[in-house]
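Here's a quick briefing to read alongside the model. Have the sequence handy as you go.

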Amino acid sequence: PAEIKPQIEKLFGELRAQTGGIYSTNQNTTKDGRLIVCEWCNTPLIDAEGQVTATMSLTQDISERRQAEAELKASNAKNQAILAAIPDMLFHMNRDGVFMGYSGPSDDLYRRPEEFLGQRIDELLPDRIAIQFHEFVERALATGRIQTYGYDLRLHGQIRHYEARLAPLGRSEVIALIRDVTELIEADLALIESEVKFRTLWENA
């Protein structure tokens, strides 16, 4: 293509001066008019006087690789945007309970990410929660299915209620999506309490 002509002239200038230009990547037009991306390996041929007399070039069409890289980049950006929009806590953990990654809010965490990443759940959370986690991780990995369970944890002086969903990732890792359901549970308890009071008043009327 005409727009890359300055790049090519610069490349050959570097080859003649023996100052660079060995490897390059640029667009090329095929005989049938298709635009492809090629990776070049250029070797200057030097005579007895040390002058460049010719250039030997090897090229590889990397169009499909570039397309795959672009699609992967776009997919990663999309996934990151989705993760950023999810209000829940998302942990990447292995079978041993080691925290490998985290995405989500940081305000209501039991520990900050820099404190728990690379650490085992057994070292950070109460034993009952760690034992429960290991139990459901084994179920998820054994069945290949998402496992859901609930637990509570004292945080900032208050008991908080959580729903955990463990999704198997390969043979030895899981993605743990943790949702704070404290308000839902408290609302349910308040409704039950209200119904009991109403029933008692009705029966004693």
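Let's start with Ser24, which sits in strand 1 (residues 23-29); helices (H or I, at least four residues) and strands (E, at least two) are DSSP runs, numbered from the N terminus. Keep in mind that this is a predicted model, where local features need pLDDT of at least 70, side-chain atom pairs count only at pLDDT 80 or more, and totals for chains, interfaces and linings use all residues. Residues are numbered from 1 along each chain as its sequence is written, and side-chain values use heavy atoms, with hydrogens and water left out.

**Ser24**
- Ser24 counts as buried because its relative accessibility is 11% (buried is under 20% relative accessible area, exposed over 50%, partly exposed in between; 1.4 Å probe, protein chains only).
- Skipping neighbours within four places in sequence, Ser24 is in contact (heavy atoms within 4.5 Å) with Leu11, Cys38, Glu39, Trp40 and Asn42.

- Strand 6 (residues 147-155) and strand 7 (residues 158-169) run antiparallel, joined by nine bridges (strands pair if DSSP finds at least two bridges between them).
- Across that pairing, Gly150 stands opposite Glu163 in strand 7.
- These two strands make a hairpin with two residues between them, and His156 in the turn has a positive phi of about 55 degrees.
- On to strand 8 (residues 173-180): eight bridges join it to strand 7, again antiparallel.
- Tyr162 has Asp180 in strand 8 as its bridge partner.
- Strand 7 and strand 8 form a hairpin too, with three residues between them and a positive phi of about 75 degrees at Gly170 in the turn.

**Helix 6**
- Val196 belongs to helix 6 (residues 182-204).
- At 41% relative accessibility, Val196 counts as partly exposed.
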